[in-house]
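Please look first at the whole structure, and then follow the paragraphs below with the model open beside the text.

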Amino acid sequence: MSDEPATRRPQRRASVRVRILASILVVTALGMAIASGTAFFVQREVELQEVDDHLRTTAQRVEGIVTRMPVADAAGDSAAEQPPAAESTVKLLESIMTRIPPLQHDGSIALVDAAIRWKPPTAPDIDLSRDEDMLARMLVETEADGAVIGTVVSPELGSLRYLAMRVGVEGDPAVGLYVTAVDLDAELNDVDTAFTIYALISIGALALIAIVGWFVSGRLLRPIRRLERTAARITASDLGERIPVVGNDDVSGLTRTMNGMFDRLDGAMTAQRQLLDDVRHELRTPITILQGHLELLDPEQPDDVRATRDLALDELDRMARLVKDIEALARADHADLAQVEEVDLEELGAQVLAKVSVVPCRQWAQQLRATGSALLDPHRITQAWLQLADNAAKYSDECTTITLGSQVQGGELHCWVQDEGQGIPPEARERIFERFGRVDTGRGVRGSGLGLPIVAAIAASHGGRVELESVPGLGSRFTIVVPVRTGAEERTEG
Ligand code: ADP
């Protein structure tokens with residue numbers, strides 16, 4: 001047994017262009033073959049039918065001469081003239097041979113007592129006397145019925161459809177045999193020629209379809225090839241390139257979708273790199289502080305050891321909080337993880353207020369007016385709302401009032417936290433929503449700088465945003481705004 005490689009490169013199949021073209025050609029060729037084959041066989045049947053009709057008419061005419069009925073001429077017009085009575089079989093055959101001359105592709109012959117007696121006066125297209133064995137067989141065949149219409153393949157004369165009839169005159173013991181035959185090959189020659197011409201034209205048409213199809217499919221597939229080349233050039237390290245969108249069709253739609261995918265990938269990679277840079281930067285400070293203090297630590301001095309221990313625990317605590325916040329931010333960034341359910345808005349507000357009111361030395365007021373229900377992730381919204389309340393407590397003085405409010409307005413749920421703290425300077429209002437974006441408050445309060453980005457990510461995962469109104473020195477109001485969707489709406493849309 002040979003060892004199979006773990007990953008086998010898929011065998012390259014024929015290109016789409018070749019496959020499209022091959023399918024078109026096969027279907028077209030099949031259609032042409034079926035149409036021409038049917039036409040060929042129908043036409044052949046018609047020709048054979050005509051031959052049989054001709055032989056049957058000839059049989060009737062021979063019968064007419066034998067029984068002395070008025071005879072129709074070669075053109076089929078009936079003649080009033082009654083054939084004279086024949087006194088012998090030889091005479092009768094002479095009369096038949098002269099009255100029924102062979103047509104084109106025909107041959108006829110008369111035998112008396114198995115010997116050739118009459119050939120047509122005009123040279124026939126086929127000379128039946130050349131195959132005497134065949135004539136002998138016909139003589140035998142007609143023994144029972146007197147007249148036979150049949151097909152024979154003669155080595156000398158080819159395929160023949162023939163009429164063999166025994167004729168005789170009462171009182172004459174001689175056995176007369178009249179034979180007339182049609183050359184089937186010559187008769188069907190026109191059909192065969194027409195079919196050959198049709199086949200040649202079909203091959204020409206297929207060749208033309210192949211050439212035109214090759215260029216047209218190449219032209220149509222060109223944007224896809226361009227798409228493939230550009231997509232191959234775009235790598236994880238260089239996601240900057242975009243595929244040019246040409247025209248407005250399925251391919252340009254695909255190009256736009258792929259460009260959108262590259263945008264998202266680019267955004268995700270940049271955000272990841274940024275996060276790594278930020279985390280590296282944030283961890284550097286506590287590590288440096290810890291390292292510096294541990295290096296200077298005098299193990300003989302219990303006071304020194306205690307102070308360094310407290311400081312180390314404090315820094316480690318900060319690092320642990322940082323890691324927790326990074327984890328929370330990563331979770332909030334995944335919009336698809338939101339566990340949406342029908343939430344009673346009044347109850348949600350009451351729960352958040354109950355949780356924050358245990359924070360000491362602050363007066364908690366409420367403006368909760370939102371009622372009814374909405375589709376939300378209650379845990380995430382609570383987390384974001386509590387984060388805003390925590391910030392409000394952190395960045396305002398003791399004994400000031402912090403107000404929690406909620407309201408449904410214009411199809412949106414507003415959940416806010418308003419404080420009477422120091423406010424945020426206008427130039428910092430964008431920065432504080434960025435990761436690790438902090439403002440020096442001069443209060444010695446130092447957070448991770450990830451609280452507001454987490455709030456913004458939670459709002460975004462609900463299709464919403466965070467609004468900020470702030471007057472430096474008087475206070476701030478942070479509002480989470482998310483669109484209100486109810487379960488009933490969702491069901492109607494679904
Ligand atoms: P952290 O509070 O951990 O530093 P945040 O992202 O929660 O990080 O806040 C970013 C910055 O925004 C804070 O450093 C602070 O300067 C400012 N800030 C947040 N909330 C308030 C508030 N209620 N009042 C004044 N400043 C605030």
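The following paragraphs treat the ligand, a cavity, backbone angles and pairs of residues in turn.

The model is a predicted one. Which residues come nearest to the ligand? Of the 22 residues around the ligand, these are N391, Y395, D419, S448 and L452. The side chain of D419 places a polar atom 2.9 Å from a nitrogen atom of the ligand. In the side chain of K394, an N or O atom is 3.0 Å from an oxygen atom of the ligand. L452 takes part through its backbone, where an N or O atom lies 2.8 Å from an oxygen atom of the ligand. On its own, the ligand has 530 Å² of accessible area, and the protein covers 98% of this area.

Two or more residues of the shell come from each of α9 (378–394), α10 (451–461) and β12 (475–483). Among the elements, α9 gives the most, with four residues. When the residues of this shell are sorted by class, nine are nonpolar, ten are polar and three are charged.

How many cavities of 30 Å³ or more does the structure hold? There is one cavity of 30 Å³ or more, and the largest cavity has a volume of about 30 Å³. The lining of the largest cavity consists of L345, L348, G349, A370, W385, S406, L413 and C415. At least two of the lining residues are supplied by each of α8 (345–356) and β10 (412–418). The largest share, three residues, comes from α8. By class, this lining has six nonpolar residues, two polar residues and no charged residues.

The backbone deserves a separate look. As a rule, most residues other than glycine have a negative phi. A114 belongs to the loop that lies between β1 (106–112) and β2 (115–118). F436 is in the loop between β10 and α10. Is F436 buried or exposed? F436 counts as buried because its relative accessible area is 11%, and buried means under 20%.

S36 is part of helix α1 (residues 16–67). With a relative accessible area of 9%, S36 is buried. Although S36 and Y198 are 162 residues apart along the chain, their C-alpha atoms are separated by 7.5 Å. The other pair begins with L296, a residue of helix α6 (residues 250–296). L296 is exposed, because its relative accessible area is 72% and exposed means over 50%. L296 and T308 are twelve residues apart along the chain, and the separation of their C-alpha atoms is 9.4 Å.

Conventions: Residues numbered from 1 in each chain as written. Predicted model: local features only at pLDDT ≥ 70, side-chain atom pairs only at ≥ 80, totals over all residues. Heavy atoms only, no water. Near = heavy atom within 4 Å. Polar contact = N/O pair within 3.5 Å; in protein donor to acceptor, adjacent residues only side chain to side chain. Areas by Shrake-Rupley, 256 points an atom, 1.4 Å probe, with all protein chains shown as cover. Nonpolar A, V, L, I, M, F, W, Y, C, P; charged D, E, K, R; others polar. 1 Å grid on protein atoms, 1.4 Å probe; cavity = no way out; pocket = protein on both sides within 12 Å on 5 of 7 lines; lining within 4 Å. Points joined across faces, edges and corners; volume = space filled by probe spheres on them. Buried < 20%, exposed > 50% of the residue type's maximum accessible area, 1.4 Å probe, protein only.
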